Amino acid sequence: DRPRVAVVVVVPPSNAGGENEESRLLKGALDAVQSVFLTTDRNRIFLVTVVMDGRGKVGTFEAKLEDIDAGRTRHRHGGE
């Protein structure tokens with residue numbers, strides 16, 4: 001009955017800033033996704049996706065996203 005949200009987080013390509021820039025970009029993406037789950041009722045979330053512009057899979061990053069999606073991190077339900 002209520003509107004649901006779809007969120008797209010885009011991680012830009014790294015500009016040859018080395019490992020520090022890559023870590024900063026990935027942390028920023030994780031923080032953005034975590035923020036959605038912390039501030040939005042899970043019942044209202046339709047889709048959260050991360051677009052890795054110019055990258056393949058990043059194993060550790062993907063595992064952290066799976067933890068968020070599975071509810072293994074802090075999140076909201078209903079009127080909490």
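Leaving aside neighbours within four places in sequence, with which residues is Leu30 in contact? In this predicted model, in which residues are numbered from 1 along each chain as its sequence is written, local features require pLDDT of at least 70, side-chain atom pairs count only at pLDDT 80 or more, and totals for chains, interfaces and linings use all residues. Side-chain values use heavy atoms, with hydrogens and water left out. Under these conditions, Leu30 is in contact with Phe61, Lys64, Leu65 and Ile68 when neighbours within four places in sequence are set aside, contact being defined as heavy atoms within 4.5 Å.

The protein comprises two helices and two strands, arranged from the N terminus in the order β-α-β-α. Helices (H or I, at least four residues) and strands (E, at least two) are DSSP runs, numbered from the N terminus. The C-alpha trace spans about 45 × 20 × 15 Å along its principal axes. Mean pLDDT, the predictor's confidence in each residue on a scale from 0 to 100, is 87 for the protein, and 96% of the residues reach 70 or more.

Of the 80 residues, 24% count as buried; the classes are buried (under 20% relative accessible area), exposed (over 50%) and partly exposed (in between), with a 1.4 Å probe and protein chains only. Of the contacts between residues at least 6 apart in sequence, 75% join residues at least 24 apart.

Leu30 belongs to helix H1 and is buried, because its relative accessible area is 14%. Its C-alpha atom lies 9.2 Å from that of Val9, 21 residues away in sequence. Lys64, one of the contacts of Leu30, is placed in helix H2. With a relative accessible area of 42%, Lys64 is partly exposed. The C-alpha atoms of Lys64 and Gln34 are 9.9 Å apart in space, the two residues being 30 apart in sequence.

Arg76 occurs in the segment after H2 and counts as partly exposed, because its relative accessibility is 24%. Beyond neighbours within four places in sequence, Arg76 is in contact with Phe37, Leu38, Thr39, Thr40, Asp41 and Arg42. A C-alpha separation of 15 Å is found between Arg76 and Val48, 28 residues apart along the chain.

The largest pocket holds about 330 Å³ of space. Of its 17 lining residues, Val48, Thr49, Val50, Leu65 and Glu66 are the closest to its centre. Two or more lining residues are given by each of helix H1 (18-39), strand S2 (45-52) and helix H2 (59-69), with S2 giving the most, six residues. The lining divides into 10 nonpolar, two polar and five charged residues; Ala, Val, Leu, Ile, Met, Phe, Trp, Tyr, Cys and Pro count as nonpolar, Asp, Glu, Lys and Arg as charged, and the others, Gly among them, as polar. On a 1 Å grid over the protein atoms alone, a pocket is an open set of points where a 1.4 Å probe fits, with protein on both sides within 12 Å along at least five of seven lines, and lining residues have an atom within 4 Å of a point. Grid points are joined across faces, edges and corners, and a volume is the space filled by probe spheres set on the points.
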